[in-house]
Amino acid sequence: MSLHGGHSGEYCEHAQGTLAQVLDSALAAGYETFGVSEHAPRLEERFLYPSEVAKGWSLDRLKDDFERYARALPSLVEEYRGRLSVLRGFEAEVVPQVSYVEIMRGYRKRFDFDYMVGSVHFVDEIAIDGELDEFERALEGQSGLERLAVRYYDTVSEMVESLRPEVVGHLDLIRLHGRRFGSLDSSAVRRAAESTLEVVRRHDCILDLNTAAYRKGLGVPYPAPWLVKRAQLLGIDFCFGDDSHSPADVGAGLETARSYLLQHGVDHITTLVSEGRSLGRKKIPLD
């Protein structure tokens, strides 16, 4: 199972393939549950990615593609019914900073999504997982890596408090570029991350054990071992997320991630299951 992924070239500029091809790959990989969670559109031009600008993508294109995605999901759920449980989700953005809460809540209500993946890709409206020069700009804005990392975790906490997502995506995404600039293991960063875990626990969110970190050369998935152990002690559940951006990504790294969780004291994962018009939870043993 995966609750974070299903990005496709139909609706996401930096993904490949069609959503049906992604779901076919999930079937071929032996999935029983696959949550698709396309990115919500960023509604100001300053948040367009350089690759989107280079291809001439506009804000209207992002909004139209997201609406097409949301409206395509019900028929896909029916098409795969009995073979694959397809859950209709989306991945929230925290921009624009002053209005994202209202926007994301509005998308959820308008399209009646099953669930939300709450992720932070921006800190104070600067992308931290895109181009390296953008990350360097974020570093400059916070006067160094430690303060940026603390601000990142504070932003995750604020997002969880405001949106109450079922799933929190790639908790320590700050590692992606941050590892190039120094240690993310200071006492201040740990305190900030532990405070975020307390917020996650309080709102009963599921943490995304995200295998995209393997593809990006980080060696271990998101979150890092110490965060997994701390979350486990707090009783926070994990789900798998392949964060697939193409059919080839589906299922990548999940077996390694299973061993990783067991190694760090986690003996089950949690998935979302359809219960009429609502979602319940199901714990699945890992051994």
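Reader: Which residues does Gln 142 touch, not counting residues up to four places away in sequence?

Author: This is a predicted model, in which local features need pLDDT of at least 70 and side-chain atom pairs count only at pLDDT 80 or more, while totals for chains, interfaces and linings use all residues. Residues are numbered from 1 along each chain as its sequence is written, and side-chain values use heavy atoms, with hydrogens and water left out. Gln 142 belongs to helix α5 (residues 132-142), helices being DSSP runs of H or I with at least four residues and strands runs of E with at least two, numbered from the N terminus. With contact meaning heavy atoms within 4.5 Å, and residues up to four places away in sequence not counted, Gln 142 touches Val 123, Asp 124, Arg 147, Leu 148 and Arg 151.

Reader: Is Gln 142 buried or exposed?

Author: Buried means under 20% relative accessible area, exposed over 50%, and partly exposed in between, with a 1.4 Å probe and protein chains only. The relative accessible area of Gln 142 is 15%, so this residue is buried.

Reader: How are the planes of Phe 90 and Phe 113 arranged, and why?

Author: Rings of Phe, Tyr and Trp (its six-membered ring) pair if their centres lie within 6.5 Å; planes under 30 degrees apart count as stacked, over 60 as edge-to-face and the rest as tilted. The structure holds 14 aromatic pairs. In one of them, Phe 66 and Tyr 69 have ring centres 5.9 Å apart and planes at 35 degrees, so that pair is tilted. For Phe 90 and Phe 113 the centres are 4.7 Å apart and the planes stand at 35 degrees, so this pair is tilted.

Reader: Which parts does the pair of Phe 90 and Phe 113 tie together?

Author: Both Phe 90 and Phe 113 are buried. The two parts are 23 residues apart in sequence, because Phe 90 lies in strand β2 (residues 85-91) and Phe 113 in the loop between α4 (100-111) and β3 (115-118).

Reader: Are α6 and α8 roughly parallel or roughly antiparallel?

Author: Axes are lines fitted to C-alpha atoms, for helices over the stretch in contact, and angles run from 0 to 180 degrees between N-to-C directions. Angles under 35 degrees count as roughly parallel, over 145 as roughly antiparallel, 65 to 115 as roughly perpendicular and the rest as oblique. The axes of α6 (residues 145-163) and α8 (residues 187-202) come within 9 Å and cross at roughly 10 degrees. The arrangement of α6 and α8 is therefore roughly parallel.
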